[in-house]
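Subject: Structure handed over, with notes

Hello,

Here is the structure for you to look through. Please keep it open while you read the notes under it.

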Amino acid sequence: MDSRHLERKIAREKASRKQAESLLEQKSLELYEANQQLKLVLKQLENQNSTGLKKLELEAYISESLVRFGRSFLSRTLDDGLLSSFLERIRACNLIDEASLYLKPGLVPSILSSQFGGIQNRDLNSINPCPVWLGTQLRLPVEVEQGLVGELCIDIHHCEVEADFIQSQMALVVELLCSAISRQLMVTKSQVARKRAEESERATKEFVAMINHELRTPLNGVLGSAELLTDTQLSMEQRTMLTNLTHSGDLLRHVINDLLDFSKISAGMMDLFPTQFSWKEMRNMLNGIFSPQAQEKQIAFLIEEEGEMPDIFVGDFERIGQILANLIGNAVKFTSVGQVSVLAKWDADALLVTVKDTGCGIAEEAQHRLFDPFVQVDRTAKRNYEGTGLGLAICKNLVELMSGTIEIKSAIGEGSTFSISLPLEVAYTPNQVQAENTIETKPLDSLSILVVDDIRMNLTIIKQMMKKFAISPDTASNGLEAIKAVSSAQYDLIFMDCRMPEMDGFEATSFLRKNQYTGPIVALTAGTTLEERERCMLSGMDDILTKPYTAADLKLMIQKWV
């Protein structure tokens, strides 16, 4: 019995051992499978980390490249060298085998090539408007406002980085390229527009200068001849016709001056030439012009001053005179009964001038457009007053050019009042005035003067004008003849035309100055632009007598320089 009990005990122990071994084997298998699963998971984690690192590396590299070349694209002209450097930078990325670019030929003048990198035989027709993958090659369209202009091709290493991520990074590269191309196109367009504008401005200035010369030169002959005729024996009928000729020529001169001045204002060529002058000079000039006109219309004309006026102003005497002449001329023209009065005063560093008339007046609704060009209150065919409608527009532009103001008050049947305020400098030169008064002057009939002009009519007119002062000038028809004349005679004064064949007045004056000629040389010119005046001064001329001129203008110029 003990033996059987022992056998059963041994059997139970064997069964328990066998069960334990089976359980151990099962647990070992489970542990092995768990270990294999862990290894797989670890491998997957390792792969994921590697992919993540590669993505981070690609993203950082592209970002750095975009920042670096973004600055270059903003500061430099987009050209072949810059594009090649940019592609070389993209190509240097570890994940990229090749980077190629195709651009539409002639897209940007500064880009001479159309193919960069290994890309060949591409054209716009073969480019897909959307990004596409061909194996490991990514092709992205380059598109700007003008449309599809090229393609960027990127060959990628075989790697675990997702295609979508690579495409998103390369899209940033294309976006920078598109921005750079768009900017360069805009810069090129601006340069072309600027060049066209400069050419247009130059052509306009040349035209204004040319037409200025071509109109003023024959007008000098007309008005000069008419002035000389007044000193000859004429019948009453001839004198009437001469009066009509003079009046028409003077009206034509005003129209031409207005048109040329308006052209210069429109072309941005109107410039001021400040000189020293006194109000007395301005008053005498205005009285000389308008007193005879007022007497002819049987109206009163007065110029008065209120308070003390500075002795000498600094400003553009000619343009200030033009403003006042326009305002007074209109007042006289539109006044049939009563008077035209001019009141001037100096206040707060500005010359204030009021021109008041008792004429027909201007309706309130018409006053706001009175300073617009080519505007007249009466536009009908039955109007009583002629004119271009440019005078007040030019006045307003000149006043604003001098940083001044112009105002009007008017009522129908009560007349009009124009008021201007012109900021001017005051010159105090008592010593200079005293010194000038002590300078000895030569009698006019003893002067030796040379006149240089290629137009025979101009020579005839100026000789006849000088004959009034008992002066018989020598003449020359071009710069070469002038130089020859100066080499053989002494002259107190030379009047030099600017535009002449063989050698013009600028060249002749420069030659004379280089050869130690120190006498005064006065330009005879129909040009009134700043460029022409500066050219006169740069060549060595001392002053300018503008055509058309009168005998009085000529005498004043001679007295000024001799």
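Predicted model: local features only at pLDDT ≥ 70, side-chain atom pairs only at ≥ 80, totals over all residues.

Residues are numbered from 1 along each chain as its sequence is written, and side-chain values use heavy atoms, with hydrogens and water left out.

Helix packing

Helices (H or I, at least four residues) and strands (E, at least two) are DSSP runs, numbered from the N terminus. Axes are lines fitted to C-alpha atoms, for helices over the stretch in contact, and angles run from 0 to 180 degrees between N-to-C directions.

Start with helix α3 (residues 163-229) and helix α4 (residues 236-266), whose axes come within 10 Å and cross at roughly 160 degrees. Because of that angle, α3 is roughly antiparallel to α4 (angles under 35 degrees count as roughly parallel, over 145 as roughly antiparallel, 65 to 115 as roughly perpendicular and the rest as oblique). The α3 and α4 crossing is left-handed; a crossing has that name if the near helix is turned anticlockwise from the far one by less than a right angle, and is right-handed if clockwise. Residues in contact (heavy atoms within 4.5 Å) include Val208, Ile211 and Leu215 of α3 and Leu242, Leu245 and Ile256 of α4. By class, this contact of α3 with α4 has 13 nonpolar, five polar and four charged residues. Here Ala, Val, Leu, Ile, Met, Phe, Trp, Tyr, Cys and Pro count as nonpolar, Asp, Glu, Lys and Arg as charged, and the others, Gly among them, as polar.

Next, helix α11 (residues 479-488) and helix α12 (residues 505-514) have axes that come within 8 Å and cross at roughly 25 degrees. The angle therefore makes α11 roughly parallel to α12. Their crossing is right-handed. On the α11 side Gly479, Ile483 and Val486 take part, and they meet Ala508, Phe511 and Leu512 of α12. The contact of α11 with α12 has five nonpolar residues, one polar and no charged ones.

Helix α6 (residues 317-333) packs with helix α8 (residues 391-401) at an angle of about 145 degrees, the axes being 10 Å apart. The crossing of α6 and α8 is left-handed. Among the residues in contact are Ile323 and Leu327 of α6 and Ile394 and Leu398 of α8. Seven nonpolar, four polar and one charged residues make up the contact of α6 with α8.

On a 1 Å grid over the protein atoms alone, a cavity is a set of points where a 1.4 Å probe fits but cannot get out, and a pocket is an open set with protein on both sides within 12 Å along at least five of seven lines; lining residues have an atom within 4 Å of a point. Grid points are joined across faces, edges and corners, and a volume is the space filled by probe spheres set on the points.

How many cavities of 30 Å³ or more does a search of the whole structure find? It finds one. The largest cavity has a volume of about 40 Å³, and its lining includes Leu103, Pro105 and Ile111.

The second largest pocket has a volume of about 210 Å³. α3 gives the largest share of its lining, four residues. The lining of this pocket divides into four nonpolar, one polar and six charged residues.

Backbone details

Lys547 and Pro548 are joined by a cis peptide bond, with omega about 0 degrees. Pro548 sits in the loop between β18 (543-546) and α14 (551-561). Gln298 is not a glycine, yet has a positive phi of about 60 degrees. Gln298 lies in the loop between α5 (279-297) and β7 (300-306).

Regards
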